[in-house]
Amino acid sequence: MRDHFEVRDGDAAGRIGRLSVPRADVTVETPALMPVVNPNIRTISPGRIESAFGAEILITNSYIVHSTDDLRERALEEGLHDLLGFDGAIVTDSGSFQLAEYGDIDVTTREILEFQRDIGADVGTPVDVPTPPDVSRERAERELATTERALSDAESVDTGEMLVNAPVQGSTYPELREAAGRNAYATDLDVFPVGAVVPLMNSYRYADMIDIVAGAKRGLGRDAPVHLFGAGHPMMFALAVAAGCDLFDSAAYAIYARDDRYLTVRGTEHLEDLAYLPCSCAVCTAHDPDDLRACPDEERERLLAEHNLHVSFAEIRRVKQAIRSGNLLELVESRARSHPAMLDGYRALLDHAEQLEREDPASKGSFFYLSGESARRPEVHRHHERVTRLDPGGTVLLTEGGMPSGDVYDAAWRVVPPFGPFPRALSETYPLTGEVPARTDRHAREAAATGVARLVEANPETSFVLAHDDWPASALSRVPDRVETELVHSGR
Ligand SMILES: [Zn+2]
């Protein structure tokens, strides 16, 4: 049991949690965004990130501090909090990124963790190997073994009250990510970054990213706080949270600002293409695109970085509210409509619906059917499991509303796409209270037919008649042959 992380509300595999960071004496509410602060370049000061944006946690690179003489001296003397001017929790990266970029760094896990401890970091990181996507299985396994040795070294370092990251690697092999997750979870380390996904996000491979996260999550316990390392675009926060990620870090807010890119929850815009600023933050209400373009470079970079940070924090708050309201998947679904690659990400998430279903709360506020993907949501899977435990007995009418000719039935159950059949007594229970468009689509009817099939297969002694409202052949072909079907318009 990891007592520094407490999971509260949940929706899909997303959760609102409380991460206790003892060294900083703060509790960080997750999902949380950690702005990346480069110790050498301060586009926005950490103090302002704290006061104006409400950041409770940030991340900086201890390797840069360690390898820059005057920064190292000052960090050791004043401590990292005074050096940066930030009172919240400070996470320090180890130089693994530099290792991946340049092939060599001159510190060991022990040295960098002791240095992080000595400069007052609140969450430290060992030197892991961020294996890029699509490498050979052999290389992924070899490098994972090195990462696992680093975790084991980290366990033997006296880190005091500092929490320690246990990165989960494994390239684009979900089963290696799962094994890495299981190994990391078995250590006594504290926070679990899923590493080396930046190349996937940069090339819009959201489906691969989701498969990797789902793999890591299968290996990690439910009480493991998960950091999606390098994920800073607000467009994908809802999706990643629904997959079970709790922490994000944004270097994007500053890097994008440097070359005039403007973040939105629907994607990235280039300032030169904007005629309007679709945002109501302080920067966007005080300026129009021409004003921004006319600003001196440094001023424009700062203003864009402030806007970028604003939309990122706003999206995190929106995601948290969606978890509270129980409509996170509706938010994911609308974000998925912003880019085909995001839709792939959402479809990949639904490939893991059974895994999500294990964490998804049994009862939430509402279920809105918004697209064919809604038919694959975990709630639909759960209902299909539930009907197999029900026994209507005798001769049963399953109806979308219409009454077939003749015959008397022992029971009449409702059929509502995408769920399928259920006794009227369950009509007021979640998710059967869900709202479905009157113009139902093929996917919803196919899912309802799967529900019928599950019920019928579980009750071999019962006779069934299905009164459907013009189901397509693709749905009717899922209904077992022994069910008598009749087309009866429900008058909806
Ligand atoms: Zn703005």
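This is a predicted model: local features need pLDDT of at least 70, side-chain atom pairs count only at pLDDT 80 or more; totals for chains, interfaces and linings use all residues.
Hello everyone, let's start inside a helix: Cys 284 is found in helix H13. Helices here are DSSP runs of type H or I with at least four residues, strands are E runs with at least two, and both are numbered from the N terminus.

Residues are numbered from 1 along each chain as its sequence is written.

Back to our cysteine. Is Cys 284 buried or exposed? Cys 284 counts as buried, because there are 20 C-beta neighbours inside 10 Å. The rule is that 20 or more other C-beta atoms within 10 Å of a residue's own make it buried, 12 or fewer make it exposed, and anything in between is partly exposed, with the C-beta atoms placed from the backbone. Leaving aside neighbours within four places in sequence, Cys 284 is in contact with Leu 277, Cys 279 and His 307. Contact means that the C-beta atoms of two residues, placed from the backbone, lie within 7 Å.

UniProt, in an unreviewed entry, places a "binding site" feature at Cys 279, Cys 281 and Cys 284. Please keep in mind that UniProt positions are given in the numbering used here, that feature names are shortened, and that annotations may be inferred rather than shown by experiment. Cys 281 sits in the loop between strand E13 (267–270) and helix H13 (282–286). With 17 other C-beta atoms within 10 Å, Cys 281 is partly exposed. Not counting residues up to four places away in sequence, Cys 281 touches His 307 and His 310.

Now for another pair of positions. The unreviewed UniProt entry also lists Asp 128 and Ala 196 under "binding site". They span 69 residues in sequence, yet no two of their C-alpha atoms are more than 10.4 Å apart, so they gather at one spot. Where in the chain is each of them? Asp 128 is in the loop between strand E7 (123–124) and helix H7 (137–155), and Ala 196 is in the loop between strand E9 (192–194) and helix H9 (198–202). Asp 128 is buried, with 31 other C-beta atoms within 10 Å, and Ala 196 counts as buried with 27. Beyond four places in sequence, the residues that Asp 128 touches include Ser 96, Pro 167 and Gln 169. Gln 169 turns up again among the contacts of Ala 196, together with Pro 130, Thr 131 and Pro 132.

The axes of H19 (residues 378–387) and H20 (residues 442–458) come within 8 Å and cross at roughly 25°. Each axis is a line fitted to C-alpha atoms, for helices over the stretch in contact, and angles between N-to-C directions run from 0 to 180 degrees. H19 and H20 are therefore roughly parallel to each other; that label covers angles under 35 degrees, with over 145 roughly antiparallel, 65 to 115 roughly perpendicular and the rest oblique. On the H19 side, the contact is made by Val 380, His 383, His 384 and Val 387. H20 brings Ala 447, Thr 450, Gly 451, Arg 454 and Leu 455.

Most residues other than glycine have a negative phi, and most peptide bonds are trans. Which bonds are cis here? One joins Pro 417 and Pro 418, with omega about 5°, and another joins Tyr 430 and Pro 431, with omega about 0°. Pro 418 is in the loop between strand E15 (411–416) and strand E16 (420–422), while Pro 431 lies in the loop between E16 and H20.

As for phi, Asp 25 has a positive value of about 55° although it is not a glycine. Asp 25 is found in the loop between strand E2 (14–21) and strand E3 (26–30), and is exposed, with 11 other C-beta atoms within 10 Å. Tyr 204 also has a positive phi, near 60°. Tyr 204 lies in the loop between H9 and helix H10 (206–219), and counts as partly exposed with 18 C-beta neighbours inside 10 Å.
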